[in-house]
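Please look at the sequence and the model together while reading.

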Amino acid sequence: MSSLDAHQVAKRIDTVLDILVAGDYHSAINNLEILKAELLAQIADQQNTQTGQPKSPWEI
């Protein structure tokens, strides 16, 4: 996700809820962990952009 789009996040949460309703808890948790990681990475990228410091090649 290159920019925070509330509608896109809401759609992905709806998908996770559908997975939970279907009873596939492992997949739902997996999808939530992926979404969380993507959101945290996006916040880190925005903070680096605001400070003007480019990311080092070893920072992933």
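Helices (H or I, at least four residues) and strands (E, at least two) are DSSP runs, numbered from the N terminus. The model is predicted: local features need pLDDT of at least 70, side-chain atom pairs count only at pLDDT 80 or more, and totals for chains, interfaces and linings use all residues. Residues are numbered from 1 along each chain as its sequence is written, and side-chain values use heavy atoms, with hydrogens and water left out.

**Overall**

The protein chain has two helices and zero strands. Of its 60 residues, 10% count as buried. Buried means under 20% relative accessible area, exposed over 50%, and partly exposed in between (1.4 Å probe, protein chains only). The protein chain exposes about 5000 Å², and carbon and sulfur atoms supply 59% of this area. Accessible areas come from the Shrake-Rupley method with a 1.4 Å probe; for residues, only the protein chains shown count as cover.

**Helix H1**

The expected span of a helix is 1.5 Å times one less than its number of residues. For the 17 residues of H1 this gives 24 Å, and the end C-alpha atoms are 24 Å apart, which agrees. Val9, Val16 and Ile19 are the buried residues of H1. Seen down the axis of H1, these buried residues fall within an arc of 75°, so they line one face of the helix. The arc is that of the directions from the helix axis to the C-beta atoms. The face turned away from the buried side carries exposed residues, among them Lys11 and Asp18. Just after H1, glycine 23 takes a positive phi of about 95°.

**Surface patch**

Ile13, Leu17, Leu20, Tyr25 and Ile29 form a nonpolar patch on the surface, with about 460 Å² of accessible area together. Helix H1 (6-22) and helix H2 (25-51) are the elements that give two or more residues to the patch. The largest share, three residues, comes from H1. Patch residues have over 30% relative accessible area and no salt bridge, and nonpolar side chains (Val, Leu, Ile, Met, Phe, Trp, Tyr) are joined within 5 Å.

**Salt bridge**

A salt bridge is a side-chain nitrogen of Lys or Arg within 4 Å of a carboxyl oxygen of Asp or Glu. Arginine 12 forms one with glutamate 38, the closest N and O atoms being 2.5 Å apart. The pair links distant parts of the chain, arginine 12 in helix H1 and glutamate 38 in helix H2, 26 residues apart.

| Residue | Relative accessibility | Class |
|---|---|---|
| Leucine 17 | 43% | partly exposed |
| Arginine 12 | 24% | partly exposed |
| Glutamate 38 | 28% | partly exposed |

Notes. Patches are made of residues with over 30% relative accessible area and no salt bridge: like charges are joined within 9 Å, nonpolar side chains (Val, Leu, Ile, Met, Phe, Trp, Tyr) within 5 Å.
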